[in-house]
Amino acid sequence: MTAGVNVGTARRKWNLRRTLLVYVPLVILAIVALGPVLVLLFNSLKTGREIVQDPLGLPDAPQLANYARAWRQGHFESTMRNSAILTAGSVLGVCIISGLAAYALGRLRVRGSRGVVTYLFLATTAPAPLYVIPLFFMWTRLGQINSLSGLIIIYWGVLSPFATLLLRSFLLSLPTELEDAGRVDGAGEIRVLLSIILPLSWPGFVVVGLITALGTWNEFFFANTFIHSQRLKPVTISLLSFQHQFSNDWELTSAASVIAVVPVVALFLVFQRRFIAGMTAGGLKG
């Protein structure tokens with residue numbers, strides 16, 4: 001009887017320790033991840049003096065007017081529209097380019113495909129400032145400065161290598177029996193791609209589309225370099241509207257940051273299940 005009680009007590013202690021080992025790190029990670037977001041939200045509801053006096057505390061009286069002022073001063077009506085155009089164009093182009101490239105590299109016997117995959121891996125590691133100067137001169141000659149279409153093409157080139165590798169790894173995880181059956185029935189490669197591969201690859205395209213959308217919406221470097229007209233600037237450039245020569249409007253900057261973040265957070269929450277399913281379905285394969 002005593003031995004049974006001791007075994008039960010030891011088992012409960014072990015379960016408690018295992019639970020603590022699991023949940024304590026998760027709680028710490030949640031605090032680290034959500035802490036800056038909560039501070040940003042609190043600061044967006046404060047006055048400038050409150051932020052200077054207590055940047056980490058709760059607002060004394062929430063200043064909802066900060067959001068209206070930030071919306072007007074940051075020209076969010078136009079920058080949101082421009083970012084939506086950039087995001088839609090980038091997602092569409094990257095999905096088409098990376099989808100065709102991934103199908104060729106993952107399903108067709110293309111000579112030199114391993115070298116192309118190696119090149120794509122290297123392209124994803126190259127820092128953007130490395131090629132921005134020659135790209136700027138090229139875009140100037142082509143008349144693509146201050147052009148949303150020109151910026152979309154840049155995003156295609158920057159985001160397509162990683163998207164191609166991701167979709168290729170997803171295609172390699174799919175069985176080939178359905179494709180072989182389609183070819184036996186007389187279907188060509190285009191028919192196989194559109195009727196068989198594409199319906200099976202939707203989780204991978206959802207992942208690529210969501211990553212491209214988040215990357216395009218949050219992109220600052222190329223947008224600030226190639227877009228100079230106020231009416232064409234995207235939402236990330238709106239944050240520069242609250243910086244002055246000797247001071248910053250931190251309450252308006254915080255409110256503008258919340259406004260800019262809300263669309264991408266909502267987008268991720270809508271597609272989070274499909275995103276996780278697509279990431280787990282297609283691990284990186286050689």
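**Entry 1: what I am looking at**

I reminded myself at the start that this is a predicted model. I then looked up how the protein chain is divided: its domain assignment gives domain 1 as residues 2–63 and domain 2 as residues 69–285. Taken over C-alpha atoms, the centres of the two domains lie 34 Å apart.

**Entry 2: where the domains meet**

How many residues of domain 1 are in contact with domain 2? I found eight on the side of domain 1, and they touch six residues of domain 2. Between them the two domains bury about 500 Å², and 78% of that is on carbon and sulfur atoms. I noted three names in domain 1 here: Leu40, Ser44 and Ile51 lose the most area to domain 2, and together they make up 67% of what that side buries.

Next I looked for salt bridges between domain 1 and domain 2, and the count is zero.

Which helices supply the side of domain 1 that touches domain 2? Helix 1 (2–43) and helix 2 (48–53) each supply at least two residues. Helix 1 gives the most to that side, with three residues. Sorted by class, the side of domain 1 that touches domain 2 has three nonpolar, four polar and one charged residues.

I moved on to Phe121, which sits in helix 5 (residues 113–125). Phe121 counts as partly exposed because its relative accessibility is 42%. I also checked a spacing: Phe121 and Leu165 are 44 residues apart along the chain, and 7.8 Å separates their C-alpha atoms.

Thr164 belongs to helix 7 (residues 148–172). Is Thr164 buried or exposed? Its relative accessibility is 4%, so Thr164 counts as buried; the cut-off for that word is under 20%. Leaving aside neighbours within four places in sequence, I listed the contacts of Thr164 as Ser98, Ala101, Ala102, Leu105 and Leu120.

**Entry 3: Leu174**

Where does Leu174 lie? I found Leu174 in the loop between helix 7 and helix 8 (177–184). Leu174 counts as buried because its relative accessibility is 13%. Setting aside neighbours within four places in sequence, Leu174 is in contact with Arg107, Leu200 and Ser201. I also looked up Leu174 against Tyr103: they are 71 residues apart along the chain, with 12 Å between their C-alpha atoms.

**Entry 4: two positive phi angles**

My last stop was backbone angles. His75 is not a glycine, yet its phi is positive, at about 55°. I located His75 in the loop between helix 3 (65–73) and helix 4 (76–107). With 39% relative accessibility, His75 counts as partly exposed.

Asn146 is another residue other than glycine with a positive phi, near 60°. Its place is the loop between helix 6 (132–141) and helix 7. Why does Asn146 count as partly exposed? Its relative accessible area is 30%, and partly exposed covers what falls between under 20% for buried and over 50% for exposed.

Key: Residues numbered from 1 in each chain as written. Predicted model: local features only at pLDDT ≥ 70, side-chain atom pairs only at ≥ 80, totals over all residues. Heavy atoms only, no water. Domains from an automatic or database assignment. Contact = heavy atoms within 4.5 Å. Buried area = accessible area lost by both parts, 1.4 Å probe. Salt bridge = Lys/Arg side-chain N within 4 Å of Asp/Glu carboxyl O. Helix = DSSP H or I, 4+ residues; strand = E, 2+ residues; numbered from the N terminus. Nonpolar A, V, L, I, M, F, W, Y, C, P; charged D, E, K, R; others polar. Buried < 20%, exposed > 50% of the residue type's maximum accessible area, 1.4 Å probe, protein only.
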